[in-house]
Each structure stands twice: as structure tokens, then as C-alpha cells.
Amino acid sequence: MNRIGRVERTTKESSVVVEIDLDGAGKVDVSTGVPFYDHMLTAFGAHGMFDLTVHAKGDIEIDAHHTVEDVAIVLGEAFGKALGDKRGIRRFGDAWIPMDETLAHAAVDVSGRPYCVLTGEPEMMTGFVVGNNYPTVLNRHVFESLAFHARIALHVRVIHGRDPHHITEAQYKAVARALRAASESDPRQQGIPSTKGTL
């Protein structure tokens, strides 16, 4: 089964195209104009083992906010599209990611019911900018936008951490690994993994 999602979205603030193959090999082609975000999306594709293409142009001369959030919206839509009817998948997934002093956990249910909980980020994350281009306050926007537009329930926790770069990267990798686990084929599941018969 071909599980590829491609979505294009253009507004007055950004132009975004995303293509994701859930059964890929972690091949990534990312260009958003926000270097640290490119780094995070590259990690997301590589650790999720998703073939991922993200090309975006936005008003980064104003702020990274619009571009970062809009890419997350389109990534969520493409991921949801790639999942199809969710037949034969595991549905639930979680991952623990240590990164030096940081430990992050993500849990996901590709439920069709969008929800996002992000906890544990240190207060400094609301005012920190990595590489002079990515405000870490945007992490919440990214995960909320991804969850809402992919129609998944996503919980992300920072257990502990000190370096905003490590904290952010551990979260992205944990989400990628959790989504990889949830979207993988379950050899014991022949139908839709729900007692309702639909997700």
C-alpha cells in the first residue's frame, strides 16, 4: 500500500509544500529558510524513517513564526493523508529520547481526535532563540499544529533538561519515533484498530 501524503498551501504569509512517505528510509529534503527548524525537521524525518520533503518560503524577514507554524500545519495534513484509513497499523506509539542532560517522552494515538499536551519545558524556553533564528516558544505551536491537522492525540513531556537546543531536539525526535511506532504495520491487526471500526 502506498502511504504517501502530499499537501501544498499558500497564504499571504507563506508558501509550503510537504510530501511524506511513511514507509520510507529517512531520506530528507528540507528547506524552510529557518536553519534550526530545517535541522529539527531533518531529525524528524530521519528518526521517523519517513521520506520527507519540505519546501517553504515565508516572511521570515518579519519573524520565523508564520513559516514554522504553517509548515507544521501542512506536515500534519500530509501525515494524516498518508495514514489513509489506518487499516492494519499499531495506532498507539511512544518513545523516550535522552539527549545528554535532557530526557523527553512522546506518546501518540492516531485516533482521529486532535489533542495536544506539552509539559515540562523550563520557563527559559519562552524567551530563548536557538541559532538566532528559531524561538523555542514555537515548539508548542509546532506540536499543537501537527496534532490538530493530523488529527492525532499527542502528549510530549520534558522530564528534565538544561540546554534549549537539546530539549527541542529531544522533543522532535521523540515525536518522530512515537509516530513511527504508531503508524507501523501490526502483523496481528487485519482491520481498523478500533472497536468502533473507524479512526
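Tutor: The dialogue below treats the sheet, the aromatic pairs and the salt bridges in turn.

Tutor: This is a predicted model, in which local features need pLDDT of at least 70 and side-chain atom pairs count only at pLDDT 80 or more, while totals for chains, interfaces and linings use all residues. Residues are numbered from 1 along each chain as its sequence is written, and side-chain values use heavy atoms, with hydrogens and water left out.

Student: What is the order of the strands in the open sheet?

Tutor: Strands of a sheet pair through backbone hydrogen bonds, either parallel or antiparallel. Strands (E, at least two residues) and helices (H or I, at least four) are DSSP runs numbered from the N terminus, and two strands pair if DSSP finds at least two bridges between them. Here four strands form an open sheet in the order S1-S2-S4-S3, with mixed pairing. Strand S1 (4-10) and strand S3 (28-31) each have a single partner strand, so one side of each is left without a neighbour in the sheet. S3 and strand S4 (residues 51-58) run parallel and are joined by four bridges.

Student: Which residues form a tilted aromatic pair?

Tutor: Rings of Phe, Tyr and Trp (its six-membered ring) pair if their centres lie within 6.5 Å; planes under 30 degrees apart count as stacked, over 60 as edge-to-face and the rest as tilted. The structure holds five aromatic pairs. In one of them, Phe-36 and Tyr-134 are 5.3 Å apart centre to centre, with 55° between the planes, and the pair is tilted. Phe-36 belongs to helix H1 and Tyr-134 to strand S9 (residues 134-135), so the pair ties together parts that are 98 residues apart in sequence.

Student: Are Phe-36 and Tyr-134 buried or exposed?

Tutor: Buried means under 20% relative accessible area, exposed over 50%, and partly exposed in between (1.4 Å probe, protein chains only). Both Phe-36 and Tyr-134 are buried.

Student: How many salt bridges does a search of the whole structure find?

Tutor: A salt bridge is a side-chain nitrogen of Lys or Arg within 4 Å of a carboxyl oxygen of Asp or Glu. The search finds eight. One of them joins Asp-23 and Arg-3, whose closest N and O atoms are 2.8 Å apart. Asp-23 lies in the loop between S2 and S3 and Arg-3 in the segment before S1, so parts 20 residues apart in sequence are tied together. Asp-23 is partly exposed, at 43% relative accessible area, whereas Arg-3 is buried, at 7%.
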